[in-house]
Each structure stands twice: as C-alpha cells, then as structure tokens.
Amino acid sequence: MHAAETALDAHWGGGTAPFGASWQKTMMWIFIVTDALLFSALLTGYGFLRHASAVPWPDRTEVFSISFIALMTFILITSSVFMAIAVTAANRGDMKLALRNVVLTIIGGAAFLACQAYEWSHIIHHGGRLYGALPGSELAAMGVPPIFTQAFFVLTGFHGSHVLSGLTILTITAIRTAMGKTPPQGIEMAGLYWHFVDLVWVFIFTLFYLL
Amino acid sequence: MSDNAAHPYRIYWITWIVLLVITVGMLAAEEFHMPKWFLLFFLLTFMAVKAVIIAGNFMHLRFERRNLAVMVGAGIVVTSLILYTYVSQETARIMQLTPR
C-alpha cells in the first residue's frame with residue numbers, strides 16, 4: 001500500500017460506512033434532511049411574511065380551537081411512541097409485537113388525518129380560502145390577512161400530505177410484515193419517516209398555532 | 001442484565017410523558033401573562049427541546065455516530081439561518097424595489 005493511501009486511511013477511518021450506518025439508513029437520513037429543508041423554507045417564508053404583514057395578526061384562539069389542536073398533537077406523539085416500540089421490537093426479533101405497534105401507529109396517524117380534515121372543513125366553512133378570506137365571510141369580518149389562510153393551508157397541507165405518505169408506507173410495511181417479508185430494517189426506515197412527520201408538527205404547532 | 005435490556009420500551013413511555021408535560025406547559029404559558037419577549041423565548045426554547053428529544057430518543061440519533069447527528073443538525077440549522085437572515089431580507093429588498 002502506498003504511503004498516501006495509508007495516511008488517508010488513518011484520517012478517514014470510516015471504512016465502507018462513514019456514518020456507522022447501513023446505506024439505507026444513511027440515505028433515509030439524507031432524505032429527511034432535504035425534506036426538513038423544504039419545511040424550513042416554508043416556515044421561514046411564513047415567519048418573514050407574518051413579520052412583514054401590515055395587517056395585525058389575528059388572535060389564534062378566535063380562529064382555532066387550541067384544545068383540538070392539542071388533541072391532534074397528543075395523537076401524533078402517542079403514535080410516535082407506538083412506532084418507536086415497533087422499531088425496537090423488530091430489532092429484537094419480536095415481529096408480532098412490531099406488527100401490532102405498526103397497526104396502532106396507523107390508527108393514530110389516521111385519527112390525526114381525520115382531525116386535520118375536520119379542521120380544514122371548519123376553516124373553509126368560515127370562509128378560509130387559499131387566496132385569503134372569502135369576502136363577507138366570518139374570517140373576513142375578523143380582519144384575517146390573506147397570508148394567514150395561505151400559511152395555514154400550505155403548512156398544514158404539506159404536513160398532512162406527509163402524514164398521508166407515512167400512512168401509505170406504514171400500511172405497506174404492515175402488510176409485508178404480516179406476510180413475513182419485511183426485515184427489521186424496513187420497519188426502522190418507516191419509523192424514521194414517521195418520527196420526522198411528528199418532528200415537523202412540533203414546529204408547525206409552536207410557530208403557527210402557539211405564537 | 002442492564003436496565004435498558006430488561007425494559008427496552010420504558011424509555012419511549014418516559015419520553016412520551018416528558019413530551020406531553022412540555023406541550024401542556026407550552027399551552028399554559030400564555031395564562032401566566034409573561035412579557036411577550038419571554039413568552040417567545042420560552043416557546044422557542046421548548047420547541048427546540050422537544051425536537052431534540054424526538055430526534056434523540058425516537059429517531060435514535062443519540063445512539064448513532066456523532067458525525068451523522070452533526071450532519072443532520074448542522075445541515076438543517078445552518079440552512080434555516082441562511083434562509084431567514086439572508087434570503088428573506090433580500091426578498092424584502094426586492095419587494096421594496098418592485099413597483100406594485
């Protein structure tokens with residue numbers, strides 16, 4: 001071996017897995033980082049436009065039921081616990097427990113999505129549209145600026161689409177696990193995605209609903 | 001046998017309780033009529049704490065090699081800061097220059 005290669009090896013030390021993880025897990029993390037940047041850009045845009053808005057920001061408690069949003073948060077956090085248990089159970093070889101918890105995660109995710117559909121229908125019913133509040137509607141009477149409804153539909157819509165994708169992935173994972181076709185790593189990858197969806201909600205919940 | 005091996009799932013339920021307590025605290029914060037800047041600081045701090053807890057315990061990032069955690073954390077934080085401090089300011093400048 002040449003001296004230069006030996007020196008490189010001494011500095012590198014990562015072998016074939018520089019992150020100490022399989023290529024599947026490394027790629028999943030890279031995907032999560034890029035997806036996080038999408039939400040980062042959306043939230044930054046929202047924050048900037050809200051800051052620059054000439055119209056006062058509406059009182060969120062008048063527009064939303066915060067206790068209902070808290071319930072949605074509770075559901076999502078609980079589903080994440082089931083997912084984490086499923087991943088650990090799969091890694092320990094207990095695929096039965098893993099499958100049971102993947103199914104519980106799916107139920108939690110479906111409940112969250114149902115809550116979000118209800119909330120969307122509530123806002124639309126009160127005049128919320130993607131371009132702003134419908135003239136003459138309840139939200140228009142409250143002086144809700146267009147950026148408020150735009151941010152609401154875009155942020156929660158993007159997040160909701162991720163929940164839907166997560167549910168699709170989990171359903172496929174559950175079916176394949178029941179058939180004995182999913183390795184533990186498959187459940188781990190689905191779990192990483194599901195926790196990411198939960199993580200994004202933490203930011204949306206704080207920055208949009210609480211601030 | 002270590003405690004973790006005997007109760008492998010307990011950490012997740014403890015994390016669940018901690019996350020719920022923080023969430024309730026964040027919801028109740030407004031009732032204490034704190035100064036606006038402090039409320040902002042409080043909510044943003046605990047938002048970050050929740051994110052770190054989820055990434056560390058649920059996504060097992062604290063059990064991964066440190067370079068993976070640094071890649072994930074630094075990648076997201078640095079890009080977000082650039083977006084907010086540079087791109088958004090530049091957008092404001094362009095918006096002011098553009099006739100409406």
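**Close-up views of a predicted two-chain model**

**View 1. Glu119(A) is a partly exposed residue, with 18 other C-beta atoms within 10 Å.** Where does Glu119(A) sit? Its place is in helix 5 of chain A, the helix formed by residues 95-125. If you look for Ile107(A) as well, you will find that it and Glu119(A) are twelve residues apart in sequence. In space, C-alpha to C-alpha, Glu119(A) and Ile107(A) are 18 Å apart.

**View 2. Chain A as a whole has eight helices and two strands.** Follow chain A along the sequence and the pattern reads α-α-α-α-α-β-β-α-α-α. The C-alpha trace of chain A spans about 75 × 45 × 20 Å along its principal axes. The radius of gyration of chain A is 22 Å, while a compact globule of 211 residues would have one near 17 Å. Of the 211 residues in chain A, buried ones make up 38%. Now consider the contacts in chain A with a separation of 6 or more: 72% of them are accounted for by residues 24 or more positions apart.

**View 3. Helix 2 and helix 7 of chain A come together with their axes within 11 Å.** Two packed helices are described by the angle between their axes and the distance between the axes. Here the axes of helix 2 and helix 7 (residues 146-178) of chain A cross at roughly 170 degrees. An angle over 145 degrees counts as roughly antiparallel, and therefore helix 2 and helix 7 of chain A are roughly antiparallel to each other. Which residues make the contact? From helix 2 of chain A come Leu42(A), Tyr46(A), Leu49(A) and Arg50(A). Helix 7 of chain A brings Ile147(A), Ala151(A), Val154(A), Leu155(A) and Phe158(A). The residues of this contact between helix 2 and helix 7 of chain A divide into eight nonpolar, no polar and one charged.

**View 4. Chain A meets chain B through 34 residues of chain A and 33 residues of chain B.** On the chain A side, the elements that give two or more residues are helix 2 (23-52), helix 4 (66-91) and helix 8 (184-210). Which of the elements of chain A gives the most? That is helix 4 of chain A, with eleven residues. The residues on the side of chain A that touches chain B divide into 22 nonpolar, ten polar and two charged.

**View 5. Helix 4 of chain A has 26 residues, and its end C-alpha atoms are 38 Å apart.** Just after helix 4 of chain A, look for Gly93(A), which takes a positive phi of about 90 degrees.

**View 6. Chain B comes to four helices and zero strands.** Along the sequence, chain B follows the pattern α-α-α-α. Of its 100 residues, 12% count as buried. Helix 3 of chain B (residues 36-58) has 23 residues and should span 33 Å at 1.5 Å a residue; its end C-alpha atoms are 32 Å apart, which agrees. What is buried in helix 3 of chain B? The residues to look for are Lys50(B), Ile54(B), Ala55(B), Asn57(B) and Phe58(B). The cover over these buried residues of helix 3 of chain B includes helix 4 and helix 8 of chain A, together with helix 2 (10-28) of chain B.

View 7. Most residues other than glycine have a negative phi. His33(B) is not a glycine, yet its phi is positive, about 45 degrees. This residue lies in the loop between helix 2 and helix 3 of chain B. Is His33(B) buried or exposed? With 7 C-beta neighbours inside 10 Å, His33(B) counts as exposed. His60(B) is not a glycine either, and has a positive phi of about 60 degrees. Its place is the loop between helix 3 and helix 4 (66-97) of chain B. His60(B) has 18 C-beta neighbours inside 10 Å and so counts as partly exposed.

Definitions and conventions
Residues are numbered from 1 along each chain as its sequence is written. Chains are lettered from A and ligands numbered from 1 in the order in which they are written. This is a predicted model: local features need pLDDT of at least 70, side-chain atom pairs count only at pLDDT 80 or more; totals for chains, interfaces and linings use all residues. Two residues are in contact if their C-beta atoms, placed from the backbone, lie within 7 Å. Ala, Val, Leu, Ile, Met, Phe, Trp, Tyr, Cys and Pro count as nonpolar, Asp, Glu, Lys and Arg as charged, and the others, Gly among them, as polar. Axes are lines fitted to C-alpha atoms, for helices over the stretch in contact, and angles run from 0 to 180 degrees between N-to-C directions. Angles under 35 degrees count as roughly parallel, over 145 as roughly antiparallel, 65 to 115 as roughly perpendicular and the rest as oblique. The radius of gyration is taken over C-alpha atoms; the globule rule is 2.2 Å times the number of residues to the power 0.38. A residue is buried if 20 or more other C-beta atoms lie within 10 Å of its own, exposed if 12 or fewer, and partly exposed in between; C-beta atoms are placed from the backbone. The expected span of a helix is 1.5 Å times one less than its number of residues.
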